[in-house]
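Subject: Structure for your review

Dear colleague,

I am handing over the structure below, together with some notes on what was found in it. Please read the notes with the structure open beside them.

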Amino acid sequence: MDIKKFWDNAVTYEEYLKRAKRSAEMPETQVEKDYHEYYKLGVQRMQRMGKTYIPDPEQLKTLARKNFKGKILIISEAWCGDASAAIPVITRFFENNEIRITYRDQEPSLINDFLSNGSKSIPVV
């Protein structure tokens, strides 16, 4: 598995949110049409969490002591409720790290390596 390929093709959170808004406002593909209401809810969740989440100072101190300098790749889809709530939190908590998001359904070979009890549950960090 070439994780670098997925990293290179992944998007920033800002681009992810922008695409989600576009899918919610003007669905073009069949998936966007089928999941239209979920895209709208996903955008609302991401915006709400982005405004309200405040990282716990003690957790930030613990993270700083670990001196984590790695990159973070998230497998997600904007229509997913769990992902929509989690991704703004992850990006804020790890704001000093480079984070990119790859779409679960774009290339199934990646998510197939991270199944949860046989399910393609997201997000995967």
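Ala10 is a buried residue, with a relative accessible area of 13%, and its place in the chain is the loop between H1 and H2. Please keep in mind, here and in everything that follows, that this is a predicted model. Leaving aside residues up to four places away in sequence, Ala10 touches Leu73, Arg100, Ile101 and Thr102. Ala10 and Ile75 are 65 residues apart in sequence, yet their C-alpha atoms are 9.2 Å apart in space.

As to confidence, the mean pLDDT of the protein is 96, and 100% of its residues reach 70 or more. Among the elements of the protein, the lowest mean pLDDT, 90, belongs to H7, and the highest, 98, belongs to H2. Where pLDDT is low, the predicted coordinates should not be read in detail.

The largest nonpolar core has 33 residues, and the members that touch the most others are Tyr13, Tyr16, Met46, Ile74, Ile87, Phe94 and Ile101. At least two residues of this core come from each of helix H1 (3-9), helix H2 (13-25), helix H4 (36-52), strand E1 (72-76), helix H6 (81-93), strand E2 (99-103) and helix H7 (108-111). H2 gives the most to this core, with five residues. In soluble globular proteins, nonpolar side chains tend to be buried together.

- The side chains of Lys4 and Asp8 meet in a salt bridge at 2.7 Å, N to O. Both residues lie in helix H1, four residues apart, which is about one turn of the helix. Lys4 counts as exposed, at 55% relative accessibility, whereas Asp8 is partly exposed, with a relative accessible area of 43%.

- In helix H4, Lys40 and Glu37 are separated by about one helical turn because they are three residues apart, and their side chains meet in a salt bridge at 3.1 Å, N to O. Lys40 is partly exposed, with a relative accessible area of 32%, and Glu37 also counts as partly exposed, at 47% relative accessibility.

- Arg104 and Asp105 form a salt bridge through their side chains at 2.7 Å, N to O. Arg104 is buried, with a relative accessible area of 16%, whereas Asp105 counts as partly exposed, at 42% relative accessibility.

Finally, there are some points about the backbone. Most residues other than glycine have a negative phi, and most peptide bonds are trans. Against that background, the peptide bond from Ile122 to Pro123 is cis, with omega near 5°, and Pro123 lies in the segment after H7. Asn117 is found in the segment after H7 too, and Asn117 has a positive phi of about 55° although it is not a glycine. Is Asn117 buried or exposed? With a relative accessible area of 86%, Asn117 is exposed, because this value is over the 50% cut-off. A positive phi, near 55°, is also found in Asn67, again a residue other than glycine, and Asn67 lies in the loop between helix H5 (57-66) and E1.

With best regards

Key. Residues numbered from 1 in each chain as written. Predicted model: local features only at pLDDT ≥ 70, side-chain atom pairs only at ≥ 80, totals over all residues. Heavy atoms only, no water. Core = buried A, V, L, I, M, F, W, Y, C linked by side-chain atoms within 4.5 Å. Buried < 20%, exposed > 50% of the residue type's maximum accessible area, 1.4 Å probe, protein only. pLDDT = per-residue confidence, 0-100. Contact = heavy atoms within 4.5 Å. Salt bridge = Lys/Arg side-chain N within 4 Å of Asp/Glu carboxyl O.
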